[in-house]
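Subject: Structure for your review

Dear colleague,

Please find the structure below, together with its sequence. My notes on what was found in it follow.

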Amino acid sequence: MRQLDRQKQLARFEMVKWMMLWQHFLVLSPSYELARRFRAGDLDGSESLPSDFDNVLAVYDDLGEAKFSQFGDWWMRNRYRNFGFAGDKVPSITRLGVVSDKDATDLGQAAADYINGDWSEQGQPAAIIAAIPAGLAKAQVMRQLSALLDELPKTANSRQHDANAKYALFGAKLHRDSVKRYRDVLGVRARHPKATLWQVGAMARFSRQYRGIRSSKDGTFEDRKNLKELTSRALNRGRMIAENAARGIFPSYVKCEHALPMDYPHIERLRLEAMAARLARREPV
């Protein structure tokens with residue numbers, strides 16, 4: 001099976017990293033959590049829903065539940081249908097086997113293996129499953145296959161997912177490392193609710209300039225004040241990224257008019273649940 005060239009592989013790898021961040025921010029979003037609870041029938045009526053909740057619900061209905069440490073399942077559900085991911089292999093003809101009166105029962109397994117293997121790795125292109133009698137002349141085979149291909153709709157091609165992607169990255173101004181730092185600051189705040197802002201920034205190692213600060217004995221008062229302001233801005237930007245992500249816009253910290261306050265205790269509960277699940281499976285934390 002011919003692989004994609006290295007440049008395309010790197011581009012796809014970069015896209016997967018961005019999608020992983022998108023999924024992480026959906027986990028952090030209070031609006032997205034409300035959408036999950038709403039669809040699950042878990043709201044009691046006392047919740048304050050954002051006025052654009054229908055938009056959040058529409059995104060939730062498309063992208064589904066997001067959980068810590070479960071990116072793979074989420075990505076498999078969404079990579080073709082919603083993100084137009086083109087696949088890791090170049091589409092090509094796949095041999096499912098040879099049918100005779102003795103081995104016809106193997107067809108079902110061969111088709112299932114193709115669907116779960118090559119077809120998925122090629123980006124789920126439209127594909128014809130045909131039975132070709134071995135006794136036909138090659139010219140006859142080519143004519144009949146050509147006729148079958150002509151019967152396919154014009155829109156059925158190997159790049160249909162790229163063309164029909166419902167969600168795409170917003171703009172190109174934010175650097176991925178910066179977005180990761182905003183995510184990390186939110187996580188540290190959830191783990192340390194009583195820490196001061198400059199302490200949160202220090203634990204998250206948010207600013208290279210102030211990474212030497214570990215305690216009130218490090219740096220100057222002005223340094224800690226500056227780190228406090230940077231951390232406050234980072235927390236707000238992280239919140240905007242999470243709430244915009246819940247509305248299908250990522251990555252962007254443009255002010256979200258209907259953003260809800262972060263639910264840090266909930267985020268910490270999710271993290272601890274994910275950690276416990278990993279430990280139960282004996283996976284590295």
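A salt bridge is taken here as a side-chain nitrogen of Lys or Arg within 4 Å of a carboxyl oxygen of Asp or Glu. Please note that this is a predicted model, in which local features need pLDDT of at least 70 and side-chain atom pairs count only at pLDDT 80 or more, while totals for chains, interfaces and linings use all residues. Residues are numbered from 1 along each chain as its sequence is written, and side-chain values use heavy atoms, with hydrogens and water left out.

Salt bridges

The structure holds 10 salt bridges. One of them joins Glu 268 to Arg 271, with the closest N and O atoms 2.8 Å apart. Helices are DSSP runs (H or I, at least four residues), numbered from the N terminus. Glu 268 and Arg 271 are separated by about one helical turn, because they are three residues apart in helix 11. To describe exposure, buried means under 20% relative accessible area, exposed means over 50%, and partly exposed is in between (1.4 Å probe, protein chains only). Glu 268 is buried, at 15% relative accessible area, whereas Arg 271 is partly exposed, at 24%.

Glu 33 is buried, with a relative accessible area of 15%, and Arg 36 is partly exposed, with 23%.

Asp 61 and Arg 39 also form a salt bridge, their closest N and O atoms being 2.7 Å apart. This pair links distant parts of the chain, since Asp 61 lies in helix 3 and Arg 39 in helix 2, 22 residues apart. Both count as partly exposed: Asp 61 has 45% relative accessibility and Arg 39 has 43%.

Nonpolar cores

A nonpolar core is a set of buried Ala, Val, Leu, Ile, Met, Phe, Trp, Tyr and Cys residues joined through side-chain atoms within 4.5 Å. In soluble globular proteins, nonpolar side chains tend to be buried together. The largest nonpolar core here has 48 residues, and those with the most contacts inside it are Trp 22, Phe 25, Tyr 32, Leu 63 and Phe 250. The helices that each supply at least two residues of this core include helix 1 (6–28), helix 2 (30–40), helix 3 (53–63) and helix 10 (221–245). Helix 1 gives the largest share, nine residues.

Contact means heavy atoms within 4.5 Å. Leaving aside neighbours within four places in sequence, Leu 63 is in contact with several residues, among them Trp 22, Tyr 32, Trp 74, Phe 83 and Tyr 167. A second, separate core has five residues, including Trp 198, Tyr 210, Ile 213 and Leu 227.

Aromatic pairs

Rings of Phe, Tyr and Trp (its six-membered ring) pair if their centres lie within 6.5 Å; planes under 30 degrees apart count as stacked, over 60 as edge-to-face and the rest as tilted. A search of the whole structure finds 14 aromatic pairs. Trp 18 and Phe 250 form an edge-to-face pair, at 6.1 Å centre to centre and 75° between the planes. This pair links distant parts of the chain: Trp 18 is in helix 1 and Phe 250 is in the loop between helix 10 and helix 11, 232 residues apart. Trp 18 is buried, with a relative accessible area of 10%, and Phe 250 is buried as well, with 0%.

Phe 38 and Phe 53 form another edge-to-face pair, at 5.6 Å centre to centre and 85° between the planes. Phe 38 lies in helix 2 and Phe 53 in helix 3, so this pair ties together parts that are 15 residues apart in sequence. Phe 38 is partly exposed, with a relative accessible area of 37%, whereas Phe 53 is buried, with 6%. One aromatic cluster is formed by Trp 18, Trp 22, Phe 25, Phe 71, Trp 74, Trp 75, Phe 83, Tyr 167 and Phe 250.

With kind regards
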